[in-house]
Amino acid sequence: MTSLTFRFPRKSLRTLALGALLSASTAALAAPAPKFDVARISNDIKTLSSDDFEGRGPATPGEKKTIDYIAAQMKAAGLQPAGDKGSWFQSVPLRMSNIVGTPNLAMTIGSAATPLSQGEQIAVRAAETGQSSVAFKDLPLVFVGYGVKAPERGWDDFKGVDLKGKIMVVLVNDPDFEGGEGDFGGKLMTYYGRWTYKYEEAARQGAAGVLVVHESAPASYGWATVKNSNTNTMFDIVRADPRAAHTQMEGWIQKDLAAQLLKASGIDFEAAKAAARKKDFQPIPLKATMSADYAVKSDIITSYNVAGLVRGSKYPDETVIYSAHWDHLGVGLPDAKGDRIYNGALDNASGTAALLELARSYAGGPPPQRSVLFLAVTAEEKGLLGSEFYADNPLRPLATTAGVINMDGPFAIEKTTDFSISGAAKLDLLTMLTEEGGKLGRHYTPDSRPEAGSFYRSDHFPMAKRGVPAISYDAGNELVNGGAARGKELADIYTRDRYHQPADEYDASWNTSSWVGDMTLLYNLGNRLANGHVWPNWSQDSEFRATRDATAAQRP
C-alpha cells in the first residue's frame, strides 16, 4: 500500500525546517544508540503482566508490587529519584468509586417493561460524584444526536432542550464520521467525538444521566472493551465540585437497544443518525423511561506516578520526558474461560518495559546535555489521570520541557517498514521522528484510523493541551512479511480478541523482530532532543501553538 504524505502549511514548513536544521547541527553530539536487550525487555513484560501483579489496578495490592518493581529497576539502572521529596513516587490523589453488588436497571420502552443486565445491553459506571447511591425511577430519555455544543462551528445539538431530570442518549464520535456537513474535519475525530466530552457536556446541560450508543466502527472498539472498561472500579482526579464534570449515571448501551428505543418512538435508528449529521437536528424526546437503583462506595485514595531522572550535563534544568502508563484494568468480570485478571501485557506492560530499558540505556551511557525524565504514570485506563495530574503538578517545569515521547504498546506485532504516532498532529517533534526513522530505513505513515480519536487517548495528550510538544509512538502496520494488509489483519485480531480483555497476556512465542528497531528509533529521537538546545514547537495552525508560545519567555 502506498503510504500517505503528511502535508503542512507552507508557513509551518518553514518553521519546522528551521527547527530540523538546528536539531541536525547538534545531532553529531549525540551518542550512538546502545544495544538493547530483548530478553530483559521480555522479562519485564512477563513480570509486570503476571497474575501476581493482579492486572496492575490502581489502589490494589497489584499497584504496590508494580510501582515498587519499577522504582527498583530505575534505582538499579542508576537513575536519580525524581518524585515527591526526593522519593521515586509522585502522589496522585484520586476518587475511587465502585458499584456495590449488581445494579438494578430497567427501562419502560413504549409500554413494555424491559429489565437490563449490567454488561449485556448496558454498562453503567460507578457514580463519580461522591454520592453513596444512585436511585431514580421512570426518568424520561431524550435522543440528542451527537450531543455537541460547538459555537465556533455554529453547531448545537440541544437547541434549548431542558435535560434536567432526564437521561441524555447520545451517539459516539462526531457528526462527520459518516458524512456530515464538514464542520468536524471529516474522518478525523475532534474532541467533540470522545465519550469523555459527551459526559462533560451532559453535566453542563444539567442532565440526570447520559448513555452513549455503542457501535464498533465509530467507537473503534467492540462491546467487550466497553463492558470491561466501565463495569469495574472508576477513578477520577479529586474535584472541588465533581457534579460540574459528571452526572450521577454515566454509561453505554448497545446499538440494538438504542434502535429499540427509537423504534418505539416511531423513528428508524439510521434515519435518526442521518438527521443528527445536520446542523438543523432537533432533540427527540423518546417514548421511554429509565429506572436505576444501586449503591456506590466512594473513597479518596492515593495512587502514584513513578519518576526517575538522568541529570543533564549542560542544561540540567531543561527536560526531555519519556512516559508510559503502568496501570491496567486489574481484576474484573470473568471471560468465557473464567479468567478475571486483566494482565495487560501489551497494554501497557510493554510500554513500561520499554521505558525501563531506555532508562538503563541513558543512565549507562554518556550524560545527555539536557535532563531526561522517565515517568511511569498511573490511571491511564481511567481517563489519563496520572498524566493529567502530572501536567497540573509537574515535577519539572512544563515551560522548559522540550518534548514528551509517550509509549503505549510501542512494539509492532512483527518487524515493520513504517512507524506512526497516535492520532494526527503537526509539530517539529514529528518532523524529527520522521527524519530519525528515515535514517533507519523506515517511513512515516499517518494514523490509518483518524476517526478513532487516538490523539486524545494516550498520556501525551494532557501535556499537549498545555502546549508541550508531545507524541505517542506507534510502531507502524506495514509488515516486512505481508505488508499493510496483514498488519491490519493481525492488529484487528488483537483488538477483537485481546484488547482490554484477560487474554492480553505475555506469550513467550511473540515475534520480537521489531523490538530493537523500535527501541533504537525511540532512543535516537529522545537523544537528539536531549543533546541539542532547540525548542520544538507546534505548527502555526495548531490549537496548541499559542499555549506553547506564551511560555517562550521562560526558556533560555
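**Arg-442**

I started at Arg-442, whose side chain reaches the backbone oxygen of Asp-418 at 2.9 Å. I noted a polar contact from the side chain of Arg-442 to the side chain of Asp-518 as well, at 3.0 Å. Polar contact here is an N or O pair within 3.5 Å; within protein, one atom must be able to donate a hydrogen and the other to accept it, and residues adjacent in sequence count only if both atoms are side-chain atoms.

The model is predicted: local features need pLDDT of at least 70, side-chain atom pairs count only at pLDDT 80 or more, and totals for chains, interfaces and linings use all residues. Numbering runs from 1 along each chain as its sequence is written, and side-chain values use heavy atoms, with hydrogens and water left out.

I placed Arg-442 in the loop between helix H11 (428-439) and strand E19 (443-444). Helices (H or I, at least four residues) and strands (E, at least two) are DSSP runs, numbered from the N terminus. Is Arg-442 buried or exposed? Arg-442 is buried, at 9% relative accessible area. The cut-offs are under 20% for buried, over 50% for exposed and partly exposed in between (1.4 Å probe, protein chains only). Beyond four places in sequence, Arg-442 is in contact (heavy atoms within 4.5 Å) with residues including Thr-416, Phe-419, Tyr-473 and Leu-521.

**Cores**

I looked up the nonpolar cores next: buried Ala, Val, Leu, Ile, Met, Phe, Trp, Tyr and Cys joined through side-chain atoms within 4.5 Å. The largest has 79 residues, and Tyr-322, Leu-358, Phe-374 and Met-463 are among those with the most contacts inside it. Helix H9 (residues 345-363) gives the largest share of this core, nine residues. Another core, of 44 residues, lies apart from it and includes Leu-139 and Phe-269. I also checked Phe-374, which touches Met-74, Tyr-322 and Leu-358, among others.

**Cavities**

I found three cavities of 30 Å³ or more. A cavity is a set of points on a 1 Å grid over the protein atoms alone where a 1.4 Å probe fits but cannot get out; lining residues have an atom within 4 Å of a point. Grid points are joined across faces, edges and corners, and volume is the space filled by probe spheres set on the points.

The largest cavity has about 60 Å³. Its lining includes Ile-321, Tyr-390, Asp-459 and Met-463. Strand E13 (315-325), strand E16 (370-377) and helix H10 (385-392) each give two or more residues to that lining. The second largest cavity holds about 40 Å³. Arg-194 and Trp-195 are among its lining residues.

Notes. On a 1 Å grid over the protein atoms alone, a cavity is a set of points where a 1.4 Å probe fits but cannot get out, and a pocket is an open set with protein on both sides within 12 Å along at least five of seven lines; lining residues have an atom within 4 Å of a point.
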